[in-house]
Amino acid sequence: MSNLSVTCPAVDRQQTFSDSVFPFVYFCDGSPSLEDARSWVAERREQLLAEATQHGAVLFRGFPVNTAEDFDGFISALELPNFPYQQSLSNAVRVNRTERVFTANEAPPEVNIFLHHEMAQTPIFPHYIMFFCEQPAETGGATPICRSDVLLERLAEQQPQFVADCLAKGLRYTNVMPSSNDPQSGMGRSWQSTLGVTTREAAEQRLAELGYQGEWIEGGCLRATTPVLPAIREVGEATGERRTFFNQLIAAFKGWRDTRNDPSKAICHGDGTPLERVAVEQACDLADELSFDVPWQRGDVALLDNFIAMHGRRTFSGTRKVLASLADAHRVG
Ligand SMILES: [Fe+2]
């Protein structure tokens with residue numbers, strides 16, 4: 001057994017729910033080797049994953065993780081199948097640092113990335129997302145996280161009809177992809193990179209396979225509309241019956257804005273009807289109230305169950321290097 005000195009301290013502004021805290025924190029004391037830390041993770045991998053599901057997020061602080069390679073090694077000990085960025089339909093521009101690890105989003109510091117479940121606006125999404133702080137920003141740059149099950153519960157109390165509509169009708173998302181990567185946008189990934197193709201014919205074929213509708217528009221851009229995707233997800237029996245607001249509604253409504261995209265056209269119900277503005281604004285406000293800002297310190301690692309917790313990015317100044325890794329791809333249905 002690995003011999004690490006690890007405690008589970010309470011942290012400032014940590015949230016408490018009936019059977020969980022948010023986020024759950026492991027603090028490592030002393031100066032173990034990365035190998036020891038890897039053994040510690042491997043020995044309790046099932047427990048750590050169960051904690052990620054129960055609490056939504058697990059923060060590891062003080063562990064010997066200093067580089068992208070260390071982070072890769074640390075999370076590899078969880079033995080989860082990697083979900084490579086190249087295979088994802090994410091619309092963020094990212095740069096790989098190791099096979100498993102990439103920059104979280106290349107969007108400029110003044111761009112606010114609103115709360116979302118990773119890739120819930122596509123039919124293929126990861127069960128887990130992991131972050132590593134290589135360098136905290138000078139100011140700002142926290143990663144807000146939000147318990148989506150709690151959000152849904154509160155929203156259902158305030159807007160029962162809206163939640164019923166979300167459940168019954170699902171959601172469709174529309175976005176415009178540029179013909180080459182646009183690093184000035186939080187959603188600037190080119191259609192070639194997003195779809196893993198080089199020609200328009202191949203793009204059309206890939207869209208058809210995925211059930212998308214596509215339209216070529218000015219500037220060589222592609223406007224793509226997803227098939228109907230669920231807005232609410234039932235999460236496994238292990239922790240009791242839970243439903244989460246597993247979608248991209250908040251980010252699409254508040255944030256899908258760049259030179260090509262207009263948030264008012266980004267999202268509708270599965271039957272094409274518009275979303276009720278007041279209800280959407282209430283969802284956004286509730287999510288803000290429920291957010292916990294991960295106050296990054298160099299070397300921090302966070303493990304999120306993407307089916308339970310949303311994440312985003314606050315604006316910042318200075319250089320901020322937060323890396324990410326995705327694991328365990330699921331397909332809709
Ligand atoms: Fe994300």
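Two strands count as paired if DSSP finds at least two bridges between them. Helices (H or I, at least four residues) and strands (E, at least two) are DSSP runs, numbered from the N terminus. This is a predicted model, in which local features need pLDDT of at least 70 and side-chain atom pairs count only at pLDDT 80 or more, while totals for chains, interfaces and linings use all residues. Residues are numbered from 1 along each chain as its sequence is written.

**Stop 1: the sheet**

Start by colouring seven strands, which make an open, mixed sheet in the order β1-β4-β5-β18-β8-β21-β6. At its edges you will find β1 (5–7) and β6 (102–103), each pairing on one side only.

Now select β5 (residues 57–61) and β18 (residues 301–305), an antiparallel pair with four bridges.

How many residues of β5 are buried? Four of its five are, where buried means 20 or more other C-beta atoms within 10 Å of a residue's own, exposed means 12 or fewer, and partly exposed lies in between, with C-beta atoms placed from the backbone.

**Stop 2: helix α2**

Next, show α2 (residues 45–55), which lies across β4 (24–29), β5, β8 (124–135) and β18 and runs at about 125 degrees to β5. Axes here are lines fitted to C-alpha atoms, for helices over the stretch in contact, with angles from 0 to 180 degrees between N-to-C directions. Contact means that the C-beta atoms of two residues, placed from the backbone, lie within 7 Å.

Select Leu 49, Glu 51, Ala 52, Thr 53 and His 55, which are buried residues of α2. Their cover includes β3 (20–22), β4, β5, β8 and β18. Step just past the helix to Gly 56, where phi is positive, at about 100 degrees.

**Stop 3: α1 against α3**

Move to α1 (residues 34–43) and α3 (residues 68–76), whose axes come within 8 Å and cross at roughly 30 degrees. Angles under 35 degrees count as roughly parallel, over 145 as roughly antiparallel, 65 to 115 as roughly perpendicular and the rest as oblique, so α1 is roughly parallel to α3. Show Leu 34, Ala 37, Arg 38 and Val 41 of α1 where they meet Asp 70, Gly 73 and Phe 74 of α3.

**Stop 4: two domains**

Zoom out and colour domain 1 (5–137 + 294–331) and domain 2 (150–287); the bounds come from an automatic or database domain assignment. Their C-alpha centres are 23 Å apart. The contact draws 28 residues from domain 1 and 33 residues from domain 2. On the domain 1 side, α2 and β7 (113–116) are the elements giving two or more residues, and β7 gives the most, with four.

**Stop 5: backbone details**

Most residues other than glycine have a negative phi, and most peptide bonds are trans. Find Phe 22 and Pro 23, joined by a cis peptide bond with omega of about -5 degrees. Pro 23 sits in the loop between β3 and β4.

Then visit Arg 13, in the loop between β1 and β2 (15–17), with a positive phi near 65 degrees. Arg 13 counts as exposed because it has 10 C-beta neighbours inside 10 Å. Finish at Asp 328 in β21 (residues 321–331), where phi is also positive, near 65 degrees. Asp 328 is partly exposed, with 16 other C-beta atoms within 10 Å.
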